[in-house]
Each structure stands twice: as C-alpha cells, then as structure tokens.
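Below is a colleague's note on one model. The points are meant to be read beside the coordinates.

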Amino acid sequence: MRTRYLMTGMLLCIHPFYANAVTLKATMDAAVEQHPMLKISRMQIDGAQGELKEQSSYAYNPELSVEPQRRRLNGGGSSNDYYITLSQGIELGGKQKYREQSAQAALEAIKLESDAKYQQVSLNAAKAFVGLY
C-alpha cells in the first residue's frame, strides 16, 4: 500500500516532465533535460572548469601599489610623501601544480555527483512511467 502511494507521489512530482512523452526513453530524456537539480549540476561543472582554467593560467603577475601620505613637519608646514611598492610572488615547492591537481580533482568530484543525480532522476522517471502502465 505504501509503495502505491510512493509511486503516485513520484508520478505527481515528475508528471510535468513527461506529459507529452510516449516512450520510456522520451520520458527519461525529458526528465533529465528539465530537472532543476541537473541544471544546477551543469552550472557547477561549468564553474569547476573555469576554476581549473584559472588555476592553470600563469600566476606570476607583479603587483604595483601607490600610497600617498601627508605629514606635518616640526617647524610647521606639511610634506606630501608617496610610497610606491612593487611586489612579485614566487611560488616554491610546486604549489602551482598542486593547485591544478586540486581543481582537477574537484571537477571530477562534481562530474561524479552530477552523474549520480542524472541516474537518480532517470530512475525516478522510469519508475513513474512504468507505474502509469
């Protein structure tokens, strides 16, 4: 009895995804295409790919900063001083390579999570479709 209610609930949740579907394959494709969690997963994959691209880019960019300072002198009056700083970060110990590997691992993890969500949505759509007939 519980199973029947569960299947009916899943059918009601997924019904708009395959309202016009005639075959099981069309039902699963429509559910996967329109499911909001899978859309979010695709965006997360795009973000992880962007992070990987950023970590793979050349990281040695110098930084230039200018700092004005106004001082009062003991004898009265004031002085304007300007400080210009140029800094260059140098990474040692293969940090660049490890950042790239970390970004690659994060991308793979997100892809695996997305595949699991894809399979779950396809399974739920198939169960609901089969429950109809």
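Predicted model: local features only at pLDDT ≥ 70, side-chain atom pairs only at ≥ 80, totals over all residues.

1. The protein holds four helices and two strands, and along the sequence they follow the order α-α-α-β-β-α. Of its 133 residues, 23% count as buried. Among contacts between residues at least 6 apart in sequence, 62% join residues at least 24 apart.

2. Helix α3 spans residues 36–56, which is 21 residues. From its first C-alpha to its last α3 reaches 30 Å, close to the 30 Å expected at 1.5 Å a residue.

3. Which residues of α3 are buried? They are Leu38, Ser41, Ile45, Ala48, Leu52 and Gln55. Around the axis they cover an arc of only 90 degrees, so they lie on the same side of α3.

4. What do the buried residues of α3 pack against? Their partners are α2 (24–34) and α4 (95–132). The two contacts are taken in turn below.

5. The packing of α2 with α3 has an angle of about 60 degrees, and the axes are 5 Å apart. That angle makes α2 oblique to α3. From α2, Val32, Glu33 and Gln34 take part, and they meet Pro36, Leu38, Lys39 and Arg42 in α3. By class, the residues of this contact are three nonpolar, one polar and three charged.

6. Within α2, the residues Thr27, Ala30, Ala31 and Val32 are buried. The buried residues of α2 pack against both α3 and α4. Val32 is also one of the α2 residues that meet α3.

7. For α3 and α4 the packing angle is about 170 degrees, with the axes 9 Å apart. The two helices are therefore roughly antiparallel to each other. The classes in this contact are ten nonpolar, eight polar and five charged residues.

8. On the α3 side, the contact with α4 is made by Met37, Leu38, Ser41, Gln44, Ile45, Ala48, Gln49, Glu51, Leu52, Gln55 and Ser56. On the α4 side are Gln96, Arg99, Glu100, Ala103, Gln104, Leu107, Ile110, Lys111, Ser114, Lys117, Tyr118 and Val121. Leu38 meets α4 here, and Leu38 is also among the α3 residues that meet α2.

9. Helix α4 has 38 residues and reaches 56 Å from its first C-alpha to its last, close to the 56 Å expected at 1.5 Å a residue. Its buried residues are Gln96, Ala103, Leu107, Ser114, Val121, Ser122, Asn124, Ala125, Ala126, Ala128 and Phe129. Gln96, Ala103, Leu107, Ser114 and Val121 are among those that also meet α3.

10. Where is Leu73 placed? Leu73 is in the loop between β1 (63–72) and β2 (78–87). Its relative accessible area is 41%, which means that Leu73 is partly exposed. Leaving aside neighbours within four places in sequence, Leu73 is in contact with Ser78 and Ser79.

Terms used: Residues numbered from 1 in each chain as written. Heavy atoms only, no water. Expected span 1.5 Å × (residues − 1). Buried < 20%, exposed > 50% of the residue type's maximum accessible area, 1.4 Å probe, protein only. Arc of directions from axis to C-beta. Contact = heavy atoms within 4.5 Å. Axes fitted to C-alpha atoms, helices over the stretch in contact; angles between N-to-C directions. Parallel < 35°, antiparallel > 145°, perpendicular 65-115°, else oblique. Nonpolar A, V, L, I, M, F, W, Y, C, P; charged D, E, K, R; others polar.
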